[in-house]
Amino acid sequence: MEFLLIWVLGGDVIDSGLRYKNAAKCFSEAQNAATEMREVGLKSPQFTCIPIGKGKKFQIYRKDSSNSRFPF
């Protein structure tokens, strides 16, 4: 089992591509990244670490937003 770090930006879930051997490492790396972003004046996104089978892909499903100017 690996733990995948995902970011939540404006209601969208983004796969960071970063996987860790345990939840503690995943969480601490996410906190460090968020701290570094705040230090340079960026608002850090929400994050979570989810368990995922080793070598498995994470599929993101997005709800269609009719008020979006972008087709993706």
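This is a predicted model: local features need pLDDT of at least 70, side-chain atom pairs count only at pLDDT 80 or more; totals for chains, interfaces and linings use all residues.
Two salt bridges are present. One joins Lys25 to Glu29, with the closest N and O atoms 3.0 Å apart. Both residues lie in helix H1 (residues 23–39). They are four residues apart there, so about one helical turn separates Lys25 from Glu29. Lys25 is partly exposed, at 41% relative accessibility. Glu29 is also partly exposed, at 27%. The other bridge joins Arg19 to Asp15. Its closest N and O atoms are 4.0 Å apart. Arg19 has a relative accessibility of 30% and counts as partly exposed. Asp15 falls in the partly exposed class as well, at 26%.

The structure also holds two aromatic pairs. Trp7 and Phe47 form an edge-to-face pair. Trp7 is buried, at 13% relative accessibility; the cut-off for buried is under 20%. Phe47, at 22%, is therefore partly exposed.

Phe47 also pairs with Phe27. Here the geometry is tilted, with 5.4 Å between centres and 55 degrees between planes. This pair, too, links distant parts of the chain: Phe27 belongs to helix H1 and Phe47 to strand E3, 20 residues apart. Phe27 is partly exposed, with a relative accessible area of 41%. Together, the ring pairs link Trp7, Phe27 and Phe47 into a cluster.

Note on methods
Residues are numbered from 1 along each chain as its sequence is written. Side-chain values use heavy atoms; hydrogens and water are left out. A salt bridge is a side-chain nitrogen of Lys or Arg within 4 Å of a carboxyl oxygen of Asp or Glu. Buried means under 20% relative accessible area, exposed over 50%, partly exposed in between (1.4 Å probe, protein chains only). Helices (H or I, at least four residues) and strands (E, at least two) are DSSP runs, numbered from the N terminus. Rings of Phe, Tyr and Trp (its six-membered ring) pair if their centres lie within 6.5 Å; planes under 30 degrees apart count as stacked, over 60 as edge-to-face and the rest as tilted.
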